[in-house]
Amino acid sequence: IGKITGCVFPLQGAGQDVGRSCILVSIGGKNIMLDCGMHMGYNDDRRFPDFSYITQNGRLTDFLDCVIISHFHLDHCGALPYMSEMVGYDGPIYMTHPTKAICPILLEDFRKITVDKKGETNFFTSQMIKDCMKKVVPLNLHQTVQVDDELEIKAYYAGHVLGAAMVHIKVGSESVVYTVSVNKYAKSHISAWIDKCRPDILISESTYATTIRDSKRCRERDFLKKVHETIERGGKVLIPVFALGRAQELCILLETFWERMNLKAPIYFSTGLTEKANHYYKLFITWTNQKIRKTFVQRNMFEFKHIKAFDRSYADNPGPMVVFATPGMLHAGQSLQIFKKWAGNEKNMVIMPGYCVQGTIGHKILNGQRKLEMEGRATLDVKLQVEYMSFSAHADAKGIMQLIRMAEPRNMLLVHGEAVKMEFLKGKIEQEFSIDCYMPANGETATVTTNPSVPVDISLNLLKREMALGGPLPDPKKPRTMHGTLIMKENSLKLVSSEQALKELGLNEHQLRFTCRVQLQDPHSDPDTLHRIYTHLKSVLKGYTIQHLPDGTVMVESIVIKVSSSAEDTNAKVLLLSWSYQGGEYFFTALCIVKRLMYQ
Amino acid sequence: MAAHLKKRVYEEFSKVVQVTHEEAPAKKLRLSKPSKSAALHVDLCKASSSTDALQYLLTFSRKPVEAESVEGVVRILLEHYYKETDSSVRLKIASLLGLLSKTPGFSPDCIVDDAINTLSSESKKHLDSFTSGNLSDSSFGVRTKCLQLLGCLGLLEAPLAAMRDVQSIISDYFGDQDPRVRTAALKAMLQLHERGMKIHQIIYDQACRLLSDDYEQVRSAAVQMVWVLSQLYPESIVPIPSSNEEIRLVDDAFGKISHMVSDGSWMVRVQAAKTLGSMLQVSPHFLEQTLDKKLMSDLRRKRTAHERAKELFASGEFSSGRKWADDAPKEKLDTNTVNLIASGACGAFVHGLEDEMFEVRNAAVEALCQLARSSPSFAEKCLDFLVDMFNDEIEEVRLQSIHVLRQISTHITLREDQLDTVLAVLEDSSRDIREALHELLCFTNVSTKECIQLALLELLKNLNKYPTDRSSVWKCLKFLGSRHPTLVLPLVPELLSTHPYFDTPEPDMDDPAYIAVLVLVFNAATSCPTMPALFSDHTFRHYAYLRDSLSHLVPPLRVRTDLFLQQSLNRVSTIQNLEAAGAPELLDLTIRDLQRLGELQTELAGAADFCATFLRCQLLLMKALQEKLWNISVPLILKQNITVTAVLDESYKLEFLYSGLENRQVATIHHVRLQAKALQLILAARTRHGLDSLISSCEKFLQDVESFQRLFLTELPHLQDSFVEKLLELLPRLSSCKPVEQVKILQTTLRQSGLLQLRLPEQIHRATATIIEPTGESDNPLRFTSGLVVALDIDATLEHVQDPQNSVKVQVLYPDGQSHVIHPKPADFRKPGPNRHRLITQVYLSHTAWTEPSQIEVRLLLAYSSSCSSRLGWTDAMDSLHPAEGTVEGTIPFSKHVKVFIMPKPARR
C-alpha cells in the first residue's frame, strides 16, 4: 500500500486571500515541490515560504527531487531565486518554454521595484536570477520527461496565461496531476485538455470555487461596444493594465475588432516591459488559441497592425485614441499621468480591466468618487466615464468539474481558497463523482493511501502455453486461472512454469500421490472386474489415454486403478485408486464413472 | 485442446471446399473473364509462404476487377481464407472481400448466394462460421475487417433458429478489449441499419454505455448509434436509473447526447452537436433545458447578461451598461440546486456555443437552427444566444449564425437590445457578413418604431462607410418598409424632415442616403394609404423620378398595371396575318408599351420582355416579307439577310434567356425560328449561288420541319392556321417537287400564314446580370507590364440563371477586336438568395504593349447549347434519334458592357 502526501506550504500569518503557492508532494518515495510562489502583501521575510520547515537543517537538494513551476505569475514563481540561490537548491527546476522566457523578466522587474526603488537589502540580485534560470529544464507540452529512473513528469496545456501548464507526475503506478487556474469553461486564449490519465490525486486551486461565469463573449462584446462608442464620439479611452497576460489578450481583442470594423483611430501601448512581453507572445504564438493560431497563416497576430508604441507627447493629440498604459491600478506611472490629463473631459473613458487594491485611485474612481485629492493639495475633477470589466482568467467551478470529468482522478485535493467556498465545491465533487476530496489548510498535510498494482514478469512460454489451453482469445468478462510459480527474488517478481522454477532454484521435484480405497460388491473375479472397468472407461472417456497394463492395473492418464478382493468375502472387492497431484481433476471423473458402473 | 479441435474443423472444412471447387471449373470457364480469377487461383496456390501470398493479393488488389468475374474471385478468396494460417493474409483477404462486395454492378448478396451455391450444405454455416471463427482471432485487424464484412453482408432476413442473430454477434464485440474493434462493431451495426435492418432496442443500453468509452472514435460512433436508435424507437419508455421514473427513449437519448457536447474530444463534440439538431421529436421541456444556464458568484445567484438585458428592456430603461456593479449578485443560492456539471440536456447548447473550437460552435449553431425551425417557442428562446454569436471571433461562425437567424426569422421578433447587437455587425469589414446581414434584415420583424429608426440609422452609417453596399442597403430598406408600414408611419415627418408650417429645403436627389430614406418610406406607403398625405411636393416629384430610375426599388403607389400586359397581347391578336395593313404600326406601339412596362414593373419584367422580343421577331419577319422589297435587285438583299440572322438570334434568346417556359412557348419560339429559316431559304434561292447548294439547303429545311413536327406533336393542335400547319399540309407536295418550286410555295405560305398567338406562362423570368465591379468609371488605367498578366476583380449579381457554374462566362474584348472568353471557377459563385447568384471572381488580362491606355470591354455571356438544356423535356428523345442535329451552341450576352481602362507597358529591359 502506497502513500501520497500533499503538504500545503506554511506561510506565517498568510491569510486566505490569493497570495502564494507552494505545495510539497511525496509520492512513491519522491519529494516534489509544486510552484514556489511569494506573497506580494509582505515586505519582510514572510513573503517567501519558510523552507526550513522542509529540512530543518539539511540541504534542500538532498530532500527535493525536483521543483515544478506551473506558470509565470509571481505568486507561483516569485520565491524561486530565493530558494535556489539564497537557501540553496541545485536540483532540476521544470517549467514550460514560455514560462522560462517570461519568468526572469518579471523577477527582474520585481527585484528592481523592491531593491532599487524601495531600497531594500537582503534580496536576490540580478545575477541570482540568472543563476537560478540556469537550473531550469524547459518542458514541452505532452513530452514525458524522466526526472530519474522512476519519476516522470508530463505537461499539458492549461488556460490562464501564456505557457501555463498542468503537470502529470508519475512514480510507478501512482500519479498526481497538478493544475492552477485551468481555463476550460470560459473561452480564452488557451484551451485546457488532459488525457483520461486517472491520477490518484488531482490538485487544483479553487479560488473561484463558488463562481459560475457568464460566457466570455458577452463581456467582450460589452467591452468592445464601450470602446467603440467612445471612439465614435471622438473621445479617448484609457485602459490601465499590468504588463502581461490580460494586456495581450485585450490587445488581440481590440486589434481584431479594429480589423473587423475597419476602424482607423490609433491604439497605443505604453512601452517598456510590455514590448519585451509582446515579443515573447510573438515567439510563442503556437501556445495560443485557435483564432490566433489560424491567423498565423497570414501573419503573426502579435505583429500588431493597429497598435503602436506610445509616446508621452501623444496624450495631447486631438481626436479619438485608445491607450493601454501601465500600471493597472492607476496608482503611479504612465497610466496615472494620462489619467490626470484626460479626466476632465466627459467624452473620455477609463476602463479598469481588473481588480484594484483599496487606496489606489483605481479603487476610488470605481467606487464612484468624482473628486480626487492629488499630492500637493490639488484636486482633480473626474468627469470622464469609468467602466469596470472583469476579464479574470481563473477557472470557475464548472471548469474544475470539467477537468475532473476529463481526468477521472481517484481523489481530489483543493488548495488556494477560502474554507467556505472550498467546502461547497468539495460537497459538489463528492456528490457528482463520488470521490474523496481533501482541502488541507496551510501547513497541514493530507495523506492519500493508494492501491498500487504490483507488476510481475511472466515468461513468454508460460503465457503461450496457457493461452493455447483456453482458446485464442481471453474473454474479458471472465477471469482465467493459470498455473505457474511465483518467484520473488532481488526486488523483482517473476511468474514462471513450475519446471523452470525448480530448475532455477535447484530443487528436486517431489511427486505427491493420493490413494483411495473404494469398497465394492462384485461377484466377478478380480481380473474380470478390472477388465470390465477398463472396457467401460474406454467406452465413456473418449480422447483419454487408457491402458490396461499386464501387471493387473488400469491407467487412466496418470490414475492407477487396481482391484483386490478381501480374503474372507470374495464378493467384497476393494478398488485401489492412486493419482498424482496433477491428475486430481481426472480422478473424480474416473471415480464417478467406475462407481456408477458398479452400482448398476 | 479447443484450438486443436478448431484446427481440425478447419482442415476438414477446407478440404470440402477444394473438392467442390475442383468439380466446378467448367462453370468458371463460362465466365466471360475467367483469366483473372484463374490467374489469382494459380498465384495463390503457387505461393509457398504467407509473404508470397500477401504479395500476390496486394498486386491483385491494385488491379480493377470486372463485375462479372467478381463471383469467381470471391470464391477463390474464401477458399484460401480457410487454408491460410497467417493472420496478415487473412486480414488482407477479408478486406478484399469487403472491397469486392462494393464493386459496382455486383450485388453483395451474390457473395452469400455464391457461397450457398458452392458450398451447398455448409452454406448456412458459411458466413456464420467464417466470421465467428475469425472474430475470435487475436489480431485486432482481422476482427475489425470481419465485423466490417458482417456489416456489409449480414443477412437481413430473420436468421434460422440454429444461427445466432447477426446483431447479437456484433454486439458481443461492443465490449472488446481493442477500441478499434469496438468502433468497427458500432460501425458494422450502423451499416446494418443503413442496409435496412431494424436494430433491436436492446442495443440501446449497450450503446449508451459506450458513450463513456475512453476512446474518441468509439464515443463518436456510439453517439451515432444512440441517435439511430432514438430515431427508431422514439416513443418507447426507458427507466431512469436510481429513480422510479421513466422517460421517452428519444428524450433519454437527447439528454445523453447533450452530455457529449461537453466531451473532452472536439471531434465528438462536433458530432454530438450536429446530431442534436436532427432530434426533432424531443419534448419541448428537454429542449429548453439545453439553453439553461445559471451563474453565481460567491454562492449568490447572478443574473446572466441576457436576463439583465431583458429586464432593462422590460423596465423601459435604455441599456446603459454604465452602472457600476449592475451585475452584482442577488439572492443567496441553495447549494443543492446548483448544477455544476452538465447533466443531461442541461445547458448543452450553452456549452456548445461557448466551445473553444469554432467547428463545435458552428455545429451547435446549425443544430440550434434545425431545432428552432421546428419549434417557434424554442426559436424565441435561442434568439439571445444566436444574437450573441454575431460577435464570434471567427468569421465563419458569425456568417453561419446570421444565415441561421434568417432561416428562423419567421418565428421571431427582435427586441430592441437584440437588434442593437445585430446592427453593430453592419460595420464589419467583410462584405459577405454585411450582405448576409442585409439579407437577414429583409426578413426580420421588429417590434417598435425605435427599432426601425435604429436600423435605418445603422444602415445609413453602413452606406456612408461602405458606399459599395448601396444597392444592397436600398433593397434591405425596401423590405423593411414594406414589412412595417405602421411602424414607419409615425417616423415619416422626421425622416423626410417636413414641418407642419414651414417649408424645408429640398434634399439633394443624388444623395444615396436620401434615396435610402425614400425607398423605406415609399415602400411603407404602398400598404399605408394615409402616408402620402404627409409628403411634401418635392417628395412627390422625387417619387416620380425614383419610380422611373429605380423602378425595382420603388413600388407604384396607386396605379394598377397587372392587366395591362394581357390587354396589349389581346390587341396584337387582332392581326390576322403577316401582311395585314397597319400591323407593323400596331406591333411597334405594343412593343414600346411592353418595354416600358417591363421597366416599371419588376415582377412583370420577365413576361413583358419576353412578349416584346417575340413581337419584335414577328415585326422583323413582317417587314422582311413586304412586297416591295422583293422587287429590288439581288445585292440589296443583304439587308434582309441581316434581318434573318437577327430573328434567329432573338429566337435563341427567347429560348434560353428566360426561365419558366412551358412546352407551348418553346414550340412557339421554334416556330418563329422555322419561319426565319424559311425566309433564309427563299433568300438563298434568289441569290442563285448554284443549284447544288440550294438542293442541300432545301433538304435541310425539310429536315427541320420534320423534327419540329416530331418534337411538338402534342402542341400541333394549338398551332392552328399557322405557317407550320400549312407547311405540313403541303409537305408531301414539297418533298416531291423541285427546289425552285419549293421556294415558290414556301414564299406564298409564309406570306399568308397568320400571326401566332402567344400565351403567357405563369411565371417567366429573364436571366439578368449586373456587373457591380468594375464600375467603368475609373479614369486611372490599370497599368501592368506587357506579357505579364493583371488580375481584374469582377463582381456581378446574376438573377434567374439556372446552373450558372456551367453557363455563365466572362468575355473580355480588347480594342484590337481580340476577345477572350473566361470560364469562372464554380467556387466563385455564391448563392445569397433564391434565384439569385453572385459572381465574385478575377479574370486575368494580358496584352502586348500599347502606346497609351485604352479601354477594354468586359461583359457576361450566357452560354447555351440546345442539346444539353435539360429543362426542356423533349431533349432526351431528340438525343437518341439525331445526336448531331439541332445541337446549336452559342452565347448570349446578358449584361451591359463595362469599360475598363488598361495600359500594358512595354517590359523594361
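Student: Which residue in S13(B) does B:Ala791 stand opposite?

Tutor: B:Ala791 stands opposite B:Tyr844 in S13(B). Before going on, please note that this is a predicted model, in which local features need pLDDT of at least 70 and side-chain atom pairs count only at pLDDT 80 or more, while totals for chains, interfaces and linings use all residues. Residues are numbered from 1 along each chain as its sequence is written, chains are lettered from A and ligands numbered from 1 in the order in which they are written, and side-chain values use heavy atoms, with hydrogens and water left out.

Student: How many bridges join S9(B) to strand S13 of chain B?

Tutor: Strands of a sheet pair through backbone hydrogen bonds, either parallel or antiparallel. A strand here is a DSSP run of E with at least two residues, a helix is a run of H or I with at least four, and both are numbered from the N terminus; two strands pair if DSSP finds at least two bridges between them. S9(B) and strand S13 (residues 836-845) of chain B run antiparallel and are joined by 10 bridges. Strand S7 (residues 768-773) of chain B also pairs with S9(B), in the antiparallel sense over 5 bridges, and there B:Ile771 has B:Ala796 as its bridge partner.

Student: Why is strand S9 of chain B described as largely enclosed?

Tutor: A residue is called buried under 20% relative accessible area, exposed over 50% and partly exposed in between, using a 1.4 Å probe and protein chains only. In strand S9 (residues 790-799) of chain B, 7 of the 10 residues are buried, so the rest of the structure largely encloses this strand.

Student: Which strands form the open sheet of chain A, and in what order?

Tutor: The order is S14-S13-S15-S12-S16-S19 (chain A), 6 strands with parallel pairing. Strand S14 (307-309) and strand S19 (385-388) of chain A are the edge strands, each pairing on one side only. From one strand to the next, the twist averages 25°, where axes are lines fitted to C-alpha atoms, for helices over the stretch in contact, and angles run from 0 to 180 degrees between N-to-C directions. Strand S16 (residues 349-352) of chain A pairs with S19(A) in the parallel sense over 4 bridges, and A:Met352 has A:Tyr388 as its bridge partner in S19(A). Helix H11 (residues 333-342) of chain A packs on the sheet, where it touches S12, S15 and S16 of chain A, and its direction makes about 150° with that of S12(A); touching, or contact, means heavy atoms within 4.5 Å.

Student: How many aromatic pairs does a search of the whole structure find?

Tutor: Rings of Phe, Tyr and Trp (its six-membered ring) pair if their centres lie within 6.5 Å, and planes under 30 degrees apart count as stacked, over 60 as edge-to-face and the rest as tilted. The search finds 18 such pairs over all chains. One of them is the tilted pair of B:Phe349 and B:Phe378, with 6.4 Å centre to centre and 50° between the planes. B:Phe349 lies in helix H18 (residues 348-353) of chain B and B:Phe378 in helix H20 (residues 376-389) of chain B, so their pair ties together parts that are 29 residues apart in sequence.

Student: Are these two phenylalanines, B:Phe349 and B:Phe378, buried or exposed?

Tutor: B:Phe349 is buried, with a relative accessible area of 1%, and B:Phe378 also counts as buried, at 0% relative accessibility.
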